[in-house]
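Subject: Structure for you to look at

Hi,

Here is the structure I said I would pass on. Have it open while you read, and I'll go through what turned up.

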Amino acid sequence: DGFVGDVQAMRRRVLETIPAREADRQLKLGAGGLRDVEFAVQLLQLVHGRTDERLRDPGTLHALDALTARGYVGREDGEALHAAYEFLRTLEHRIQLQHLRRTHVVPTDDASLRRLGRGMGFTKDPAKALDEAWAHHRREVRRLHEKLFYRPLLEAVARVPGEALRLSAASAEARLSALGYAAPDGALRHIEALTAGVSRRAAIQRALLPALLEMLAETPDPDGGLLAYRRVSEALAGTDWYLRVLRDEAAVVERLATLLGTSRLVPDLIVRAPEVLRLLGDPEQLAGRDTAEVATSLRQAVNRQSYLGNAVAAARSLRRQELLRVASADLLGFVDVLTVCHALSSVWVAVLQATLAVVDRAEAVAAGRRARIAVIGMGRLGGAELGYGSDADVLFVCEPAEGVSDSDAVRYAGRVAQSVRKLLGAPSQDPALQVDVDLRPEGRQGPIVRTLESYRTYYGKWSQVWEAQALLRARPIAGDEELGARFIEMVDPVRYPDGGLDAARIREIRRIKARVDTERLPRGADPATHMKLGRGGLADIEWTLQLLQLRHAHEVPGLRTTSTVDGLTVAVEADLVDEVDATALREAWLLATHTRNATTLVRGKVSDQLPAAGRELTAVAAVVRPDAEDPGEFVDAYRRTLRRARGVVERLFYEG
């Protein structure tokens, strides 16, 4: 117990005993010196040599070469460490030969340094050349010592009992069962498939798996995690850096185990976007990417493609990488739910912007640009509140180019809109990219694209109160910015009606909401734990805020926001909702959104129903409430939070 930590502490104590005047000139004991190489090599021997007899060599260089050949040390790292050790040993010999005495301190006088430099084979300015070579090797040794000696995987492997590293098949199954694997025979087959043969890849897997198995045992689904690890490893077998990153990078293995043992969506994304694995070792890079920068990179990459199919493929590829990055940061607890929603919405907007631009360009080449087109985000896309796998609710609006009739402009814009929807919605291995236009005037019976004046006429004469409610989250997201801005200016009087709502329209909204509650909840769903349509769920909270906006946004400009959380904050400031009620609504909305996202990641498909029991519930609970002692505690807290919100909704929405 604590063996690796004790050895590391011993090395630190050696450094502390070096006299200050010798610290920078100490060849043997100092940082970047001979002992750094020896301690690193010997610690690797002690940990891995329990089962690999070829590592049991008392010679430092022979042992280092064996560690490199067997995959415990990277080839480049092994060669650099070998060269540095040879240099340092040779320099030590030259220093001791000068006066035939045992010393490990490099002299400081010029004459001695020139003599040493010539003895090391440097002929031009030997003192300077020696100093530069020594500095280089010292830096390399220190870097590699810290990389190998303080590798967290070492400690994890060292914790595995020696006998567990060399079990028979029957004993291995028993140990896997004790660790929590539900199907130890299946786990054993995965292990055999990964470690079979004499290849370097198999050797590295044999070094990784003892620790990885214990890490996976701490996740909600060890069996699923090990299967996912096998799938990922086999898919990335030709990726030269994959196993090297797992072996060498500090926290990548542990975080990868957490992801694979928690989510069914993440493994599929890793296979198709393995570059994100490199970010797992750096939480800042994983979680801290600027969404505007990501969106700009995506648009530029798409615009560089001249062929339409390649452009859409580039958009999908970059969206996949971003989806995996956000999902990984989310599952590991590095980002909050609002950051996740904003990042997912931002990448969806960038995909729509880029795809619309290339489709419009291609259509214009064929027929001339006959219309300006703008895309208006609606629903969660308009509110920048998207979750994993959410559809993009949009409206398409156009305006004829000079000299073009309305009908020709609408036909042109319709072809562009249909192409965008078809290209993005084409089946693929990635989560769906569905562009939903069902919120358009006249619903599914209406045209997909209208001119701005057609929208103006419709909303002025025939729109219903639910359409005004839908427009509350409308915002321009792609296409012609000036046209998008004029659309918003046109709909503002519709969604923020002067004088608010009369009693009849308030009753109509309440009637529609009551129908939603009774008719749209899926058969067999539990209303207490359905995250979208359940009691105190997302729909309850959003409809409550939207009714306040329809009634009061004409006189409270701050309520003219597409964000649910921001709208609740403004409602408190305007004395429309008290702080306690707003807090209850905000907490329920954030919890339901986070739980919905987590459930989608865990199940690998969009889901609005909280799992009832089992490993899926355990995984969701671990993501949303890692401090909860058991899933039951999480479910109780979820129900309690949403019950409080439902009480507020009944007072504000149905009685207020």
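First, a word you'll need: a residue is called buried when its relative accessible area is under 20%, exposed when it is over 50%, and partly exposed in between (1.4 Å probe, protein chains only). By that rule, 54% of the 656 residues in the protein chain are buried.

Some housekeeping before the details. This is a predicted model, in which local features need pLDDT of at least 70 and side-chain atom pairs count only at pLDDT 80 or more, while totals for chains, interfaces and linings use all residues. Numbering starts from 1 along each chain as its sequence is written, and side-chain values use heavy atoms, with hydrogens and water left out.

**The whole chain**

The protein chain has 29 helices and five strands. Both are DSSP runs numbered from the N terminus: helices are H or I with at least four residues, strands are E with at least two. Along its principal axes, the C-alpha trace spans about 105 × 60 × 50 Å.

How much of the contact list comes from residues 24 or more positions apart? They account for 70% of the contacts with a separation of 6 or more, where a contact means heavy atoms within 4.5 Å.

The protein chain exposes about 29200 Å², and carbon and sulfur atoms supply 49% of that. (Accessible areas come from the Shrake-Rupley method with a 1.4 Å probe; for residues, only the protein chains shown count as cover.)

On charge, there are 91 positive and 91 negative side chains. Lys and Arg count as positive, Asp and Glu as negative, and His and the chain ends are not counted. The centres of the two sets lie 4 Å apart, with each charge placed at NZ of Lys, CZ of Arg, CG of Asp or CD of Glu.

Look for V351 in helix α18 (residues 337-367). Is V351 buried or exposed? Its relative accessibility is 1%, so V351 counts as buried. Leaving out residues up to four places away in sequence, V351 touches L298, A315, R319 and L424. For a sense of scale, pick out G121 too: V351 and G121 are 230 residues apart in sequence and 60 Å apart in space, C-alpha to C-alpha.

**Salt bridges**

Side chains of opposite charge can pair when their charged atoms come close. Here a salt bridge is a side-chain nitrogen of Lys or Arg within 4 Å of a carboxyl oxygen of Asp or Glu, and the structure holds 44 of them.

Start with E508 and R511, whose closest N and O atoms are 2.7 Å apart. They sit three residues apart in helix α24 (residues 503-520), so about one helical turn separates them. E508 is partly exposed at 25%, and R511 is partly exposed at 39%.

Next, R646 and D540 meet in a salt bridge (2.6 Å, N to O). This pair links distant parts of the chain: R646 is in helix α29 (residues 631-655) and D540 in helix α25 (residues 538-552), 106 residues apart. R646 is buried, with a relative accessible area of 16%, and D540 is buried at 1%.

R646 also forms a salt bridge with E650, at 3.2 Å from N to O. R646 and E650 both lie in helix α29, four residues apart, which is about one turn of the helix. E650 is partly exposed, at 35%. Elsewhere, salt bridges that share partners join R372, E399, D480, E482 and R486 into one network.

**Aromatic rings**

Rings of Phe, Tyr and Trp (its six-membered ring) pair if their centres lie within 6.5 Å; planes under 30 degrees apart count as stacked, over 60 as edge-to-face and the rest as tilted. How many aromatic pairs does the structure hold? There are seven.

One is Y458 with Y459, which is edge-to-face: 5.6 Å centre to centre, with 75 degrees between the planes. Y458 is buried at 7%, and Y459 is buried at 7%. Another edge-to-face pair is F653 with Y654, at 4.8 Å centre to centre and 80 degrees between the planes. In that pair F653 is buried at 1%, whereas Y654 is partly exposed at 27%.

Finally, Y455, Y458, Y459, W462 and F487 form one aromatic cluster.
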